Amino acid sequence: MKGAARQVLLPALALLLGAALVLLGTGAVLAGSMPPWRDSVGDVNHTEKITGTYLMEQSAAREDTLLIFGSSELRTTEISTHPANFFAGKRAGFQVDLIGRGSCQSLIHALQIAASGDSLRGEKVVLITSPQSYVPEGIAPDLFYANFSPQQYLALLRDEDLSPEVKEYLSARVAQLLAAYEETEGAAPVDPAIRVLAEAEAGSGGLTGAAAALLTPYYALRGYLLGLRDMASARPLLEAGEDVQAPSPAEAIDWEAEEAGAVAQGEAMTSNNDFGMLDDYYTTYIGARLERQKDRDAELDYSVSREYDDLRVLFEICRQKGIEPLFIHVPLHGQWSDYTGFTADRREAYYENVRQIAGEYGIQMLDLTGHEYEEYFMCDTMHLGWKGWLAVDRALIDYYYGL
């Protein structure tokens, strides 16, 4: 019997060893042949930057790149003052890297930065969260799953510099949202091993006993394979990218001229409505339905939300990684909010909640909430517009150079 077992086990072990060597060799070849970071990749909020780690690590390694973690506001590149346009050609001496898309809320940013290892340690990063994120339940399960990265989750669990409390909080949120997503109609399959891991890590002990023995090798292999896929996905983006040579010296910026240009473009792009919104946006989402929007938000309240706890853990992760971020506190559209019944006192309660949390963590904040009635500051009901982005651009320069 022992001889028969040996005859089965030895070839099986040899096969596993051979497969491991092939995978390691493939990874080494792939990593060694990857193109370098290209500046133009930073101008587009590629999905690969949201769900992977490779592009974030490469971008962070550049001395002249400023990473911006944001949400749906990053897609408003038709606006001339959007950072991707304003800093084109490294006019101020640096490149921006856009990371995020719609529904990338505080928890998504927290997972991304927690998974960054040492690549962001001590680096400057910009954080933007949107007001509409602060509904009572926080991020919705389907929106979470659309941006959730098992690769990032497995990576952050391996980071010995993150506190157990942070890992437990993130794991509890991941477990809760994955379970809720699985219950939604038409949900895509969820890896049960990832859900089991999150549930275990949300407790104090993590995986133990037979579960640990069986699943630990799986998680190691899964993480490695996801890393290979991440690099493979990043390759064509880097191959198609281009670098930009910064002017020397960096040009002086005429801020009065920039504002005049922003206002002129804002006037030209908001000709069909009285709210200063992009014409296409107004036509598509409001237009003929304007009267039905009156007082629709009379019961809307952002004073209590799971998003506040997610924001706290995001700031805590930055603290543990030695990151001193610039946080952009985005206003609501004052005129539109008044029309829909989201009153100024309830808006101010939300604004103040965010200010207090940022204050608890000593976060440098660009507070734009005093501009909610300023013309051309917003481009629709919720996103920064021509003058809003210009205020951000000015703050990014001061932040980047420590002014």
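Lys-90 sits in the loop between helix H4 (83-86) and strand S2 (95-99), where helices (H or I, at least four residues) and strands (E, at least two) are DSSP runs numbered from the N terminus. The structure is a predicted model, in which local features need pLDDT of at least 70, side-chain atom pairs count only at pLDDT 80 or more, and totals for chains, interfaces and linings use all residues. Residues are numbered from 1 along each chain as its sequence is written, and side-chain values use heavy atoms, with hydrogens and water left out. The chain contains 17 helices and 5 strands.

**Backbone features**

- Lys-90 is not a glycine, yet its phi is positive, at about 55 degrees.
- Lys-90 counts as buried because its relative accessible area is 2%; buried means under 20% relative accessible area, exposed over 50%, and partly exposed in between, with a 1.4 Å probe and protein chains only.
- Ser-103, also a residue other than glycine, has a positive phi near 75 degrees.
- The loop between S2 and helix H5 (106-114) holds Ser-103, which is buried, with a relative accessibility of 16%.
- Ser-248 and Pro-249 are joined by a cis peptide bond, with omega about 0 degrees.
- Pro-249 belongs to the loop between helix H10 (209-240) and helix H11 (255-269).

**Overall form**

- The C-alpha trace spans about 85 × 55 × 40 Å along its principal axes.
- Of the 403 residues, 49% count as buried.
- Among contacts with a separation of 6 or more, 81% join residues 24 or more positions apart, a contact being heavy atoms within 4.5 Å.

**Surface and charge**

**Cysteines**

- The structure has 0 disulfides, a disulfide being a pair of cysteine sulfur atoms within 2.5 Å.
- The cysteine sulfur closest to that of Cys-104 is in Cys-318, 15 Å away, which is too far for a bond.
- Cys-379 is likewise in no disulfide, and the nearest cysteine sulfur, that of Cys-104, is 18 Å away.
- Cys-104 is buried, with a relative accessible area of 1%, and Cys-379 is buried at 0% relative accessibility.

**Two helical residues**

- Gln-151 lies in helix H7 (residues 150-157) and is buried, with a relative accessible area of 10%.
- Leaving aside residues up to four places away in sequence, Gln-151 touches Thr-51, Gly-52, Thr-53, Leu-226, Gly-227 and Asp-230.
- Ala-220 is part of helix H10 and is exposed, with a relative accessible area of 53%.
- From C-alpha to C-alpha, Ala-220 and Trp-336 are 50 Å apart in space, and they are 116 residues apart in sequence.
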